[in-house]
Amino acid sequence: MRLLRHARLATMHGPEPWGWVDRGALLVDGDRLHWVGAEADLPAAIAALPAVRRITDEIDLHGALVTPGLVDCHTHLVYGGDRAAEFELRLQGASYEAIARAGGGIRSTVAATRAASDDALFEAAAARARALMAEGVTTLEIKSGYGLSEAHEARCLAVARRIGRELPLTVRTTSLGAHALPPEFEGRADDYIDAVCAWLPGQQAAGLVDAVDAFCEGIGFSPVQTERVFAAARALGLPVKLHAEQLSNLEGAALAARHRALSCDHLEHLSAAGIAAMRGAGTVAVLLPGAYYFLRDSTLPPVAALREAGVPIALATDHNPGSSPAHSLLLMLSMACTLFRLTPEEAFAGITRNGARALGLPDRGTLAAGQRADLVVWDAEHPRELAYRFGHNPCRRVHAGGVERDR
């Protein structure tokens, strides 16, 4: 058993703001936290240990800040190529929708992804994952959605699984076949949705998928088509998530809530009815400030209404090549405060406790006995500094599942 002592703890657990413990300690037993509390209570905690579970390693953190490991609950890390040229076009006046309808956007990434080898996709995605890990990310989600055929979607999901096996972090995979219409199905969106639904059993049988997502939008898929994907997922016992209300309000959030969705993501055009439905279903609102910033959006998500309704708010990078090529979850933390007016504590809960909830992972996101021993040691006195300073990475050490890694 390992003892980490003389730390400032932001446990994100309990009634105190930030779950704050000014001089705290943690006992780590294997991949779990055995005890978390004030260092003054440590002798009693040690005395209660079974004789066979004595402390074998002790680390004095000299007053450093310790928080839960960070959770990036919405990424699209596996893809080929980039879309820097489209970024330039948007700055010259072209809209995201116009670029997509002209064959750019997601379709251009699909072509590059299909042309890339499995190893090339892995190396590029692993480099992106390592950039996130360097800032303390211990759990992340990776969506497919750039293959858009049965074989290529399976390849992308398999690459995501490989990242979870070969890198010291937890990876949750989400099937996003209903991301865009591939060129071979032009004019046949309903036929494509039939195909997406038919792929899901094979993806599940191969152990490639933890959840199912869709892009419910005018340039994506209709609520009726999204409903069909969700029905197929739920028939297999797979939880669902939704890209909802990003560019318009199609009441996708209410649709997703009817299926007890883990999360609805983006939400700039979310309605009061959608908020009420999400609250009733316990669905997490995942806000994506990187996409809001990169697309120069001007419609803010309804943060005050979400807060008043008690809908949990998470944050994520939404790393993708077209609308949020972000490699920093800490930058999203700062952006959420400055752009969306979240408090630093709300924002930090969004990349820990609520991020884990958005992935259906109740065993992480807080520092408490029984939780997974994912934690970050920071060169900081208080977690609000992580939102205050942008372009700065004070991550000192990371423990993922109780094992210290090279960040």
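A residue is called buried under 20% relative accessible area, exposed over 50%, and partly exposed in between, with a 1.4 Å probe and protein chains only. Arg188, at 36% relative accessibility, therefore counts as partly exposed.

Good morning. The model before us is predicted: local features need pLDDT of at least 70, side-chain atom pairs count only at pLDDT 80 or more, and totals for chains, interfaces and linings use all residues. Residues are numbered from 1 along each chain as its sequence is written, and side-chain values use heavy atoms, with hydrogens and water left out.

Let me turn to the sheet. Helices (H or I, at least four residues) and strands (E, at least two) are DSSP runs numbered from the N terminus, and two strands pair if DSSP finds at least two bridges between them. In what order do the four strands of the open sheet stand? The order is 5-6-7-8, with parallel pairing. Strand 5 (70–72) and strand 8 (211–214) are the edge strands, each pairing on one side only. On average, neighbouring strands of this sheet are turned by 25° against each other, direction ignored; axes here are lines fitted to C-alpha atoms, for helices over the stretch in contact, and angles run from 0 to 180 degrees between N-to-C directions.

Strand 7, residues 170–178, pairs with strand 8 in the parallel sense over three bridges. Within this pairing, Ala178 stands opposite Ala214 in strand 8. Helix 8 (residues 223–235) packs on the sheet and touches strand 7 and strand 8, where contact means heavy atoms within 4.5 Å. The direction of helix 8 makes about 175° with that of strand 8.

I come now to salt bridges, each a side-chain nitrogen of Lys or Arg within 4 Å of a carboxyl oxygen of Asp or Glu. By this rule the count is 28. Which residue forms a salt bridge with Glu184? The partner is Arg114, and the closest N and O atoms are 2.8 Å apart. This pair links distant parts of the chain, 70 residues apart: Glu184 lies in the loop between strand 7 and helix 7 (189–205), and Arg114 in helix 4 (residues 106–115). Glu184 is partly exposed, at 39% relative accessibility.

Arg162 and Glu166 also form a salt bridge, with closest N and O atoms 2.9 Å apart. They are four residues apart in helix 6 (residues 150–166), so about one helical turn separates them.

Finally, we return to Arg188, whose side chain meets that of Asp191 in a salt bridge (3.3 Å, N to O). Asp191 is partly exposed, at 35% relative accessibility.
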